[in-house]
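Subject: Structure handover

Hi,

Here is the structure I promised to pass on to you. Have a look at it first, and then read my notes below.

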Amino acid sequence: MEYYSVLLPLALILALSKILVKGCERINLPGVVGMLLAGILIGIIKFIPGQEIITSTSLEGLGFISKIGVILIMFNAGLGTDLKGMKAIGIPAVGITLAGVIMPMGLGFLVACIFNGGFDVSSDVLLSNVFYGVILTATSVSVTIATLREIGKLHGKVGDTIVSAAVLDDIIGVVVLSVVIGFSGSGSKAESPSIVIVKTLLFFVAAIIVGFICNKIFAVIERKFPHHRMLPIFGVALCFFFAYASEKWFGVADITGAFIAGIVLSGNPEVNYIERKSDIMGYMIFTPVFFANIGITTDFGGISGEIALFGICFILAGLLGKVVGCGGMAFLCKYGARDSMKVGVGMMARAEVALVCAQKGVEHGMINTSIMPFIVLLIIISSFVTPIVLRKLYSKELKEEQAAA
């Protein structure tokens, strides 16, 4: 492999991603969208006759870098998990999370069955349809948090519920993802459902034991070397070890191992320092390459009329699944009608985790790459709609507060 062939596309990705991320931030879109757009624009180079920038060799190099990127993304997601904060909400958060996983997953599965071969339980198609549903379970509340913070409503019953439910949502979504991927083995790698479930359970048991020990070790390091770069370095090492062990020894997705490694360290007093340093490392190179690589490799030519209709229904399932599932459960948990709607809308936004799930599906041959543009559209639409509707739902309260001031 001529390693230098990856350097020019890498330079283009980093420069164009940064420019477009800044542009997206100006119009209140997640930076993820900017990185995806960078990849789509760079991907156009593929169609220029005689070009030597986007080649099979450079794509191989970018693909390798992107795999590291996705592991770091999930590690940072785990680091940002506030397990203690969930205790304040308790049972309602669990109920809202379960409804917010089951409803969009069920709707996504139903839509996939309609357009992707039906309900044949003897076929791999059924597992593929389940995976489409899994993609819709992910929630990204960064847009919601930014909106609630801006209007001064982040810390309250609704805000705390959304944040807590989103944390549980990620955990459950990653577990479901790992189980479904485990079932996707074929040929010599095929395993019975019982073995997949047992190996998954064994992974989490081992992760708890090793995580407990590592957490104690990191606590000692933190006391002896406070705010030292040794912490984030060892943290990333733990991330890579968990990612390797989960995939190699237990057949669980490597991103699950990385996510669990982040959760292990989420309670460390220096977690913000660890997260900041690992985030810098990721966003300098690996993360932009991951998202841009999705844009570069996305197949727009395979979008037929049927795929377009599938994609539109899939987007609607993703939006309505969270609003109806989370909002409906909040209402059953004695939240008012307006507060329930706020919870449902607040859980609607999607971003990087949905893309990570989808990319895993592509790698394992479980989903059609033609659905990727519609997942990007789901991210853009939900990112635009969520803050607009949330501000509308809070408008009455804000007016009353202004009148009382």
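Which residues form a nonpolar patch on the surface? They are Val-205, Ile-209, Val-210, Phe-212, Ile-213, Ile-217, Phe-241, Tyr-244 and Trp-249, and together they have about 890 Å² of accessible area.

Before going on, a word on the source. This is a predicted model, in which local features need pLDDT of at least 70 and side-chain atom pairs count only at pLDDT 80 or more, while totals for chains, interfaces and linings use all residues. Residues are numbered from 1 along each chain as its sequence is written, and side-chain values use heavy atoms, with hydrogens and water left out.

**Surface patches**

A patch is made of residues with over 30% relative accessible area and no salt bridge; like charges are joined within 9 Å, and nonpolar side chains (Val, Leu, Ile, Met, Phe, Trp, Tyr) within 5 Å. The areas come from the Shrake-Rupley method with a 1.4 Å probe, and for residues only the protein chains shown count as cover. A salt bridge is a side-chain nitrogen of Lys or Arg within 4 Å of a carboxyl oxygen of Asp or Glu.

Back to the nonpolar patch: α8 (193–224) and α9 (230–250) are the elements that give two or more residues to it. The largest share, six residues, comes from α8, while Trp-249 sits in helix α9. Helices here are DSSP runs (H or I, at least four residues), numbered from the N terminus.

There is also a positive patch, formed by Arg-338, Lys-392, Lys-396 and Lys-399. Lys and Arg count as positive, Asp and Glu as negative, and His and the chain ends are not counted; the place of a charge is NZ of Lys, CZ of Arg, CG of Asp or CD of Glu. Helix α15 (residues 372–404) gives the most to the positive patch, with three residues. Lys-396 is in helix α15 and is exposed, because its relative accessible area is 52% (exposed means over 50%, buried under 20%, and partly exposed in between, with a 1.4 Å probe and protein chains only).

**Buried residues**

What does Asn-129 touch beyond its neighbours in sequence? Leaving aside residues within four places, Asn-129 is in contact (heavy atoms within 4.5 Å) with Phe-109, Ala-112, Cys-113, Asn-116 and Gly-118. Asn-129 belongs to helix α5 (residues 124–135) and counts as buried, at 0% relative accessibility.

Gln-359, in helix α14 (residues 352–363), is buried too, with a relative accessible area of 13%. Not counting residues up to four places away in sequence, Gln-359 touches Phe-290, Ile-294 and Met-372.

Ala-93 lies in helix α4 and is buried, at 1%. Its C-alpha atom is separated by 9.1 Å from that of Asp-160, 67 residues apart along the chain. With residues up to four places away not counted, Ala-93 touches Ser-164, Ala-165 and Leu-168.

In α13, the buried residues include Ser-340, Lys-342 and Val-343. The buried residues of α13 pack against α4 (91–115), α6 (142–150), α7 (157–183), α12 and α15.

**Two loops**

Most residues other than glycine have a negative phi. His-227, in the loop between α8 and α9, has a positive phi near 55° and is partly exposed at 45% relative accessibility. Lys-334, in the loop between α12 (305–332) and α13 (337–346), has a positive phi of about 75° and is exposed at 75% relative accessibility.

Happy exploring!
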